[in-house]
Amino acid sequence: MPSDTAGKAAVAWEAGKDLSIEDIDVEAPKAHEVRIEIYYTGVCHTDAYTLSGKDPEGAFPIVLGHEGAGIVESVGESVTNVKPGDNVVALYTPECGECKFCKSGKTNLCGKIRATQGKGVMPDGTSRFKCKGKELLHFMGTSTFSQYTVVADISVVAITSKAPMDRTCLLGCGITTGYGAAVVTADVEKGSNVAVFGAGCVGLSVVQGAVKNGAGKIIVVDVNDGKEAWGKKFGATDFVNPTKLGGKSIQEHLVEMTDGGCDYTFDCTGNVGVMRAALEACHKGWGQSIVIGVAAAGQEISTRPFQLVTGRVWKGCAFGGIKGRSQLPDLVDDYLTGKLKVDEFITHRQPLDKINTAFQDMKAGDCIRCVVNM
Ligand code: NAD
Ligand code: AHE
Ligand code: ZN
Ligand code: ZN
């Protein structure tokens, strides 16, 4: 039977404050739980969003982080899908295979532990983390900013040990999200015209997915001119800076560029004004706009209903619509055989004790992803 352990973690004690590196106690995994030694974690904008205090589900103190790779250190009773020593990626979108959602064949959202995950606790309603006598909350069912974390067994997938963990961690969110949005959620058709709003890790991954599916025009839209080269590196055909259109709206410009509108557009900014523009840049009758960006509490999207009456479709996805346990191992194989770019997204690296610098890096215009060595 595994016993309790201890390790370092970056703790968010309060909203809006820097993370603090602490020694924390990590309880042994209970039945259907897995304790992972996290080796590497990415830092995603969603971590910064929750830390900012704008996430209605955000509560403190908490161990953030949801883009992590590591090795299974121990397992609780009745765990059959992974074993100590397995290389794994933590999954904030679990896959139980049994719930109404998993069985529907229509979504990757699993309902089994979503309620407790959103409250920052394990499925039995308690936390496995303690620091200075206080319980710490879990985040997105993963809490990868800790050297040891405990997750539900349905929130972890074993992958080949041939893939380096300092890269596979990024498959825990950003890359899979954008790539899946293009390849699974939109299922972009060959020759179709695509516009990607926001060329961060998520947007560039959409570009990668659109290239894979043989899209025609792939137009990157970003307010940062530095993102033109990034878009082209991943296979975009065009770049537009919407602030440099001399008063013309971005939707009007894209409609002109694509003979009536795009077949698929993707919001990868989290800005509700951009989401509207992305919908309105779609082709009448069939254009689809996929919302990926996370907007803060209280923000709402709007458009004239006429946009939908005339056939445009507004939808969205989490984790790209990818089912982590079923589909992530194949993405790792694609990476190893050179079919999926991963290394190219890593622009910055930091050690755990510099994780606050990693957050600053992320907010700088030249950062695609910063990987933290735990
Ligand atoms: P990022 O900050 O690295 O990239 C966003 C890009 O958008 C930047 O290049 C920025 O210059 C650009 N941008 C900002 N305002 C713009 C505007 N008005 N018009 C055009 N471009 C604009 O972020 P990221 O890591 O790629 O994440 C993108 C979004 O996706 C975030 O909101 C994040 O929280 C969300 N996200 C969602 C999921 C999901 O499952 N739905 C998963 C991961 C991330
Ligand atoms: N708690 C937030 C929700 C944020 C959100 O939409 N999260 C995405 C993943 S972002 C990863 O970087 C997600 O998985 N959504 C589906 C779900 O079930 O949470 C809020 O705003 O309330
Ligand atoms: Zn994320
Ligand atoms: Zn399920």
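Colleague: What makes you say which residues cysteine 131 is in contact with, leaving aside its neighbours within four places in sequence?

Modeller: The model is predicted, and the test is a distance: two residues are in contact if their C-beta atoms lie within 7 Å. By that test cysteine 131 is in contact with Val11, Glu22, Ile24 and Leu136, once neighbours within four places are set aside. Cysteine 131 itself lies in strand 6, residues 129–131.

Colleague: Is cysteine 131 called buried, exposed or partly exposed, and why?

Modeller: Cysteine 131 has 19 other C-beta atoms within 10 Å. A residue is buried at 20 or more and exposed at 12 or fewer. The value falls in between, so cysteine 131 is called partly exposed.

Colleague: How far apart are cysteine 131 and alanine 9 in sequence and in space?

Modeller: In sequence they are 122 residues apart. From C-alpha to C-alpha the separation is 9.6 Å.

Colleague: Why does arginine 325 count as buried?

Modeller: It has 23 C-beta neighbours inside 10 Å, and the cut-off is 20 or more, so arginine 325 counts as buried. Arginine 325 is found in helix 11, residues 324–336. Not counting residues up to four places away in sequence, arginine 325 touches Glu95 and Val157. Its C-alpha atom is 18 Å from that of threonine 144, which is 181 residues away along the chain.

Colleague: What is the phi of phenylalanine 319?

Modeller: Phenylalanine 319 has a positive phi of about 55 degrees, and it is not a glycine either. This residue is found in the loop between strand 15 and helix 11. It has 24 C-beta neighbours inside 10 Å, so phenylalanine 319 also counts as buried.

Colleague: What makes the peptide bond from phenylalanine 60 to proline 61 cis or trans?

Modeller: Its omega is near -5 degrees, and the bond is cis. Most peptide bonds are trans. Proline 61 has its place in the loop between helix 1 and strand 4 (68–75).

Colleague: How do you know that strand 10 and strand 11 pair?

Modeller: Pairing needs at least two bridges between the strands. Strand 10 is joined to strand 11 (residues 218–221) by four bridges, so the two pair, and they run parallel. Valine 196 stands opposite valine 220 in strand 11.

Colleague: What makes both faces of strand 10 covered?

Modeller: Val194 and Val196 are buried on one side, and Ala195 and Phe197 are buried on the other. Strand 10 (194–197) is also one of the elements against which the buried residues of helix 9 pack. Those residues of helix 9 (residues 272–280) are Val274, Met275, Ala277, Ala278, Leu279 and Glu280.

Colleague: Which domains does the assignment give, and how many residues of each are in contact with the other?

Modeller: The assignment gives domain 1 (5–172 + 342–373) and domain 2 (177–318). Between them, 12 residues of domain 1 are in contact with 10 residues of domain 2. The side of domain 1 that touches domain 2 has five nonpolar, three polar and four charged residues. The domain centres, taken over C-alpha atoms, are separated by 29 Å.

Colleague: Which domains give residues to the shell around ligand 1?

Modeller: Domain 1 and domain 2 each give at least three residues to that shell. It has 30 residues, of which Gly198, Gly200, Val202, Gly270 and Gly293 come nearest to ligand 1. Helix 1 (45–52), helix 5 (174–185) and helix 6 (201–212) are the elements that give two or more residues. By class the shell around ligand 1 holds 16 nonpolar, 12 polar and two charged residues.

Colleague: Which residues surround ligand 2?

Modeller: Among them are Cys44, Asp55, Glu57, Arg114 and Cys173. The shell around ligand 2 divides into seven nonpolar, two polar and three charged residues.

Notes. Residues are numbered from 1 along each chain as its sequence is written. Chains are lettered from A and ligands numbered from 1 in the order in which they are written. This is a predicted model: local features need pLDDT of at least 70, side-chain atom pairs count only at pLDDT 80 or more; totals for chains, interfaces and linings use all residues. A residue is near a molecule or strand if its C-beta atom, placed from the backbone, lies within 6 Å of it. Ala, Val, Leu, Ile, Met, Phe, Trp, Tyr, Cys and Pro count as nonpolar, Asp, Glu, Lys and Arg as charged, and the others, Gly among them, as polar. Domain bounds come from an automatic or database domain assignment.
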